[in-house]
Amino acid sequence: MNQTQLNHTAAVLAKILTFNDPANVVLSNYLRNNRKLGRADRHEIAETAFAAIRHYQKIAAAIRRPHVQARKAALAALVLGRSVNISQIEELLNEEDGKKEFLSSLKARKAEFLGSLNTATELPEWLIDVLKTHWSDEEILAFGRSVTQPAPLDVRVNTLNGKRDKILAQLQTEFPNAIATPFAPNGIRFPNKPALNKHPLFLDGTIEVQDEGSQLLAQLVGAKRGEMVVDFCAGAGGKTLAIGAQMANKGRIYAFDIAEKRLANLKPRMTRAGLTNIHPEKISNEHDPRIARLNGKADRVLVDAPCSGLGTLRRNPDLKYRQSPETLANLLKQQQSIFQAASQLVKSGGRLVYATCSILPEENEMQVAEFLKNNSDFELVNCAELLVAQKIDLDTGEFLKMNTAEHNTDGFFAAVLQRK
């Protein structure tokens, strides 16, 4: 890293480390406003900024108010998060300002950092307190360490365009490290995360970026040709597209969301994937009167509920600092309201899938228990049995519970319910 890159990194971190806005938004806005920065500059700035977030507990233990001392935080991120030797960055250090001594002392505190649960796991105290009611310290440590590792790039093969084995063999000629995902039947994993957004197979809709855990949610929906399916919180539509291919482009999928921008992102993806059975529709909230026309008519309803996102910390490490016990409490009320509203659309004998990208039982098992307590016309369906029936060798019990430490996917939860 050179002085110019360090200056830019410090400027970015001064904003990111307040945790007022999503880190990726702050970073992309900054890079857009500094168009003269080259590819190598952008890479150094982004890698160091995210290293600072991933190692923020250690940095905050060593620096008071890191966003105010952003240059110091950037140097700490290089040493702690990117394993840079102090000798490699001598030219960035002023002998008189004590930063070299600071970085040396930081390295010397390694044993101390490993001895404290919050610095060893890189999880904030509030989250550790929540997790301690469900997990042992060893489980918390395994989770914390797993989400500080970078995520691989997973893609899903669009089965309208080809079979996974054939597409994988084709991709392996360019990317020898590409492998089949161990659980999702249409997934391919790239451990070294190549840029694929201009690859011919991406441009023609043959592959779509989607984490393996997310692909498994679509497998649990299990949609069939000719059915009516509702994706109640569709977002940008990754799971919607997977369900559309599952239905062989037959039948009808309603993709509801409250965000116009997310639905707008879905439309070009539908076109690229060759899907014509998806109908995106903006709704004002889960009680929008336009939803009522589908009451009791849907064969399958997927509720990928708004959640803390704590299963996606490999990709969004700042989320754990932008959530709190208060935001969690608000989410729990919203989740139950959406769960209840979506259930009205399920027809007799139909399937309701409740899912989150969270690892917290408060958002997951406890929400399902609350729903079942108030809705005796629904019963649980065992997720492991549904996956076995699809020749997917994965058993996490009656619920799907994907954990980064164990499965190398984002953290996902799903429960499948059926209207009696």
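**Exercise 1. Find which residues the UniProt annotation "domain: SAM-dependent MTase RsmB/NOP-type" covers, and describe that stretch.**

Step 1. The annotation comes from an unreviewed UniProt entry and covers residues 143-420. Such annotations may be inferred rather than shown by experiment.

Step 2. This is a predicted model, where local features need pLDDT of at least 70 and side-chain atom pairs count only at pLDDT 80 or more, while totals for chains, interfaces and linings use all residues. Residues are numbered from 1 along each chain as its sequence is written, and side-chain values use heavy atoms, without hydrogens and water.

Step 3. Over residues 143-420 the chain is 34% helix and 22% strand. Helices (H or I, at least four residues) and strands (E, at least two) are DSSP runs. The end C-alpha atoms are 37 Å apart.

**Exercise 2. Work out how α1 and α2 pack.**

Step 1. Helix α1 spans residues 3-16; α2 spans 23-33.

Step 2. Their axes lie 10 Å apart, at an angle of about 140°. α1 is therefore oblique to α2 (under 35 degrees is roughly parallel, over 145 roughly antiparallel, 65 to 115 roughly perpendicular, the rest oblique).

Step 3. List the contacts (heavy atoms within 4.5 Å). H8, A11, V12, K15 and I16 of α1 meet A23, V26, L27 and Y30 of α2.

**Exercise 3. Is R35 buried or exposed?**

Step 1. R35 is exposed because its relative accessibility is 63% (buried is under 20%, exposed over 50%, partly exposed in between, with a 1.4 Å probe and protein chains only).

Step 2. Check its surroundings. A polar side-chain atom of R35 lies 3.5 Å from the backbone oxygen of R32.

Terms used
Polar contact = N/O pair within 3.5 Å; in protein donor to acceptor, adjacent residues only side chain to side chain. Axes fitted to C-alpha atoms, helices over the stretch in contact; angles between N-to-C directions.
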